[in-house]
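Hi,

Here is the structure I promised to pass on. Have a look at it first, and then read my notes below.

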Amino acid sequence: MKKKINWSYPILLLILMILIYYLSSQIGDDSDVASGRICQFLAQHFFTGYWDLSKDAQNRVAEGLTLIVRKGAHFSEYALMGCLWYLWLHRIRFGMLIAFAATVLYSLTDEIHQLFVPGRTGQFKDVLIDSSGGLCGILAGFVLLCVIYCIRRHEIVHGGTWES
């Protein structure tokens, strides 16, 4: 019997890689504006007393979120990438290692790409953040598959308790 190939993971990976490439291709000013809008939204909705502050203080609060938002975006997009790589490759030998290597390699090429985009810089610390995200995504994928496996074998029952 011929095994069916699941194309959903590679298609999702390709879409994610295109999205990351697109975001990395934005010139520095456009990227700053996009990050600024996200920070402004977060400050308005999650910072108590935001509307009572002066305009200058509101801008400082939003600017204070910039590092968290930008690095959080790096971490989370590569966590998703690592998870997708692992879910796709988990059945092959060294699938976890290949998934991590592919995530790190794409992160490296993304940072090199940013060296050629006006107003952007490629930074090794971003590769480290991306790699950490990828590793966490791979581990999340592993845990997810373990839970699914245990549920299918009826080893987890009733609200997550283990069957003896």
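Let's start with a word you will need later: a residue is called buried when its relative accessible area is under 20%, exposed when that area is over 50%, and partly exposed in between (1.4 Å probe, protein chains only). Two more terms go with it. A salt bridge is a side-chain nitrogen of Lys or Arg within 4 Å of a carboxyl oxygen of Asp or Glu.

Now some ground rules. This is a predicted model, so local features need pLDDT of at least 70 and side-chain atom pairs count only at pLDDT 80 or more, whereas totals for chains, interfaces and linings use all residues. Residues are numbered from 1 along each chain as its sequence is written, and side-chain values use heavy atoms, with hydrogens and water left out.

**The overall picture**

The protein chain has six helices and two strands. (Both are DSSP runs numbered from the N terminus: helices are H or I with at least four residues, strands are E with at least two.) Reading from the N terminus, the order is α-α-α-α-α-α-β-β.

How does the radius of gyration of the protein chain sit against that of a compact globule of 164 residues? The chain has 20 Å, while such a globule would have a value near 15 Å. That radius is taken over C-alpha atoms, and the globule rule is 2.2 Å times the number of residues to the power 0.38. The C-alpha trace spans about 65 × 45 × 25 Å along its principal axes.

Of the 164 residues, 34% are buried. The accessible surface comes to about 11,100 Å², and carbon and sulfur atoms hold 69% of that. (Those areas come from the Shrake-Rupley method with a 1.4 Å probe; for residues, only the protein chains shown count as cover.) Contact means heavy atoms within 4.5 Å. Among contacts with a separation of 6 or more, 65% are between residues 24 or more positions apart.

**The salt bridges**

By the rule above, the count is three salt bridges. In one of them, the side chains of aspartate 32 and arginine 70 meet at 3.6 Å, N to O. Aspartate 32 lies in helix H2 (residues 28-46) and arginine 70 in helix H4 (residues 66-89), so this pair ties together parts that are 38 residues apart in sequence. Aspartate 32 is partly exposed at 46% relative accessible area, and arginine 70 is partly exposed at 24%.

Another one joins aspartate 56 and arginine 60, at 2.6 Å, N to O. These two are four residues apart in helix H3 (residues 55-64), which puts about one helical turn between them. Aspartate 56 is partly exposed, with 49% relative accessibility.

Then there is lysine 71 with aspartate 126, whose closest N and O atoms are 2.6 Å apart. Here the pair links distant parts of the chain, with lysine 71 in helix H4 and aspartate 126 in helix H6 (residues 124-152), 55 residues apart. Aspartate 126 is buried, at 4% relative accessible area.

Arginine 120 sits in the loop between helix H5 (95-114) and H6. Arginine 120 is buried as well, with a relative accessible area of 15%. The residues that arginine 120 touches, again not counting those up to four places away in sequence, include Leu23, Ser24 and Gly28. The C-alpha atoms of arginine 120 and glycine 28 are separated by 5.0 Å, although the two are 92 residues apart along the chain.

**One last residue to look up**

Find phenylalanine 94 in the loop between H4 and H5. Phenylalanine 94 is not a glycine, but has a positive phi of about 60 degrees. At 52% relative accessibility, phenylalanine 94 counts as exposed.

Cheers
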